[in-house]
Amino acid sequence: MAIQNITMPQLGESVTEGTIENWLIKPGDQVKKYDSLAEVQTDKVTAELPSSFTGTIKEIIANVGDTLAVGEVVCTIEIEEAVSSKKTTENISQETIESKPTTSTDQAMKTRYSPAVVRLAAEHQIDLTLVNGSGASGRITRKDIQKLIDSGIVPQATTKQEPKQETVAIPQPQVASVANVTEQKASTMLSSGDIEIPVSGVRKAIAKNMVTSTQEVPHAWMMMEVDVTDLVSYRDSIKAEFKKKEGYNLTYFAFFVKAVSQALKEFPMMNSQWQGDKIIQKKDINLSIAVATEDALFVPVIHNADDKSIKGIAKDINELANKVRSGKLKSEDMQGGTFTVNNTGSFGSVQSMGIINYPQAAILQIESIVKRPVIMNGGMFAARDMVNLCLSIDHRILDGFISGKFLARVKEILENISKDNASIY
């Protein structure tokens, strides 16, 4: 009997492990090559684990919530040739298999929805009870929902129904232990009305990456104030026409990303990574940008940002944000980032210290643009549009001298953007 292992794949550059978020199959299910077996969460992306073979699932080794290194076995599968041989020996005809009635277990599988399916269905008001699934035992997959959305034919019920959720009863241990005492103490901290929120796979991955960054990277921080009055005036004068012509918004953030990419070309050491006994200075300028959903933060990448116009960068920002919020973000959209630009100003922040997106060398926080009185030449006060740029650096790679020159160059570029000397194309 030929049994093959399905292992944890590498779902992105520098990704070394993944957490099983949800199993989409069970032992005994027939699957085809490339069928989705599970949803896996890494610190960069949520992806579906594909089958490497056609056959029958024999054993699920990894449990939901388990974190496994790349290459570790998650389940085993009996390959199709072996299955066929076994069935011939037992004289079981293919017709008998095809006519096997649907079991109650199969029906239960159909109504076990993954978080990605529930999110997409809710966003597009899709009644999941009216959807035919293509997954194991008729299970509805994210691809099924996306196919309906793309087709424009969305099944909706007259009365909105919430997807059924499984409740798992956790038996209480009978023997006291240190772990039990700790759990009991934690429970006593709850007051009436308190809510316990389970930590999701994506939140665990974010937490782990942040801990790694703060433990391994000696952070240093600096801030510069920038007068972007002319930039604001220029952008506001063309934003309506741009939206009408291009179909997406021209944001302030696109101007900042362009300025950063230009400065990185002039100060390539900022575009580096720490690799143990050496520093890798990256050739390509691929800017990671933070995009938040209700419960997670994703960091997709604008590749070769220095080769793109402000319009091109604005388009990439719009497309990546839409992918994140519609669940279409792919692992390749998250790979290759060399420097992170975070638009913290979108939340109204005016000063913050970002945690470096390991193993990059730096992260720049773009704060909120605010009107402030500023002393101009001649000692006169004027209301100006001001923004703080907050830079966190890996002090193993960078020091205050090179970082200060880089930040001053970004400031210079931004303060010289106006309708008289800048083009978005």
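These questions and answers look at a predicted model.

User: Why is V40 called buried?
Analyst: Buried means under 20% relative accessible area. V40 has 1% relative accessibility, so V40 counts as buried. V40 is placed in strand 4, residues 36-41.

User: What makes M8 and L11 contacts of V40?
Analyst: Contact means heavy atoms within 4.5 Å. V40 touches M8 and L11, among others, including G18, I20 and V45. Residues up to four places away in sequence are not counted.

User: How far apart are the C-alpha atoms of V40 and P9?
Analyst: They are separated by 9.7 Å. Along the chain, V40 and P9 are 31 residues apart.

User: Why is W221 called partly exposed?
Analyst: Partly exposed lies between buried, under 20%, and exposed, over 50%. W221 has a relative accessible area of 35%, so W221 is partly exposed. W221 lies in strand 9, residues 219-227.

User: What makes W221 part of a nonpolar patch?
Analyst: Patch residues need over 30% relative accessible area. W221 has 35%. W221, M223 and M353 form the patch on the surface, with about 290 Å² of accessible area together.

User: Which residues touch the most other members of the largest nonpolar core?
Analyst: M270, F339, F406 and L414 do, in a core of 59 residues. Helix 9, residues 252-266, gives this core its largest share, 9 residues. A second, separate core has 18 residues, including I6, I20, W23 and I57.

User: Which residues is M270 in contact with?
Analyst: Among them are L264, F339, L391, I402 and F406. Neighbours within four places in sequence are left aside.

Methods: Residues are numbered from 1 along each chain as its sequence is written. This is a predicted model: local features need pLDDT of at least 70, side-chain atom pairs count only at pLDDT 80 or more; totals for chains, interfaces and linings use all residues. Side-chain values use heavy atoms; hydrogens and water are left out. Patches are made of residues with over 30% relative accessible area and no salt bridge: like charges are joined within 9 Å, nonpolar side chains (Val, Leu, Ile, Met, Phe, Trp, Tyr) within 5 Å. Accessible areas come from the Shrake-Rupley method with a 1.4 Å probe; for residues, only the protein chains shown count as cover. A salt bridge is a side-chain nitrogen of Lys or Arg within 4 Å of a carboxyl oxygen of Asp or Glu. Helices (H or I, at least four residues) and strands (E, at least two) are DSSP runs, numbered from the N terminus. Buried means under 20% relative accessible area, exposed over 50%, partly exposed in between (1.4 Å probe, protein chains only). A nonpolar core is a set of buried Ala, Val, Leu, Ile, Met, Phe, Trp, Tyr and Cys residues joined through side-chain atoms within 4.5 Å.
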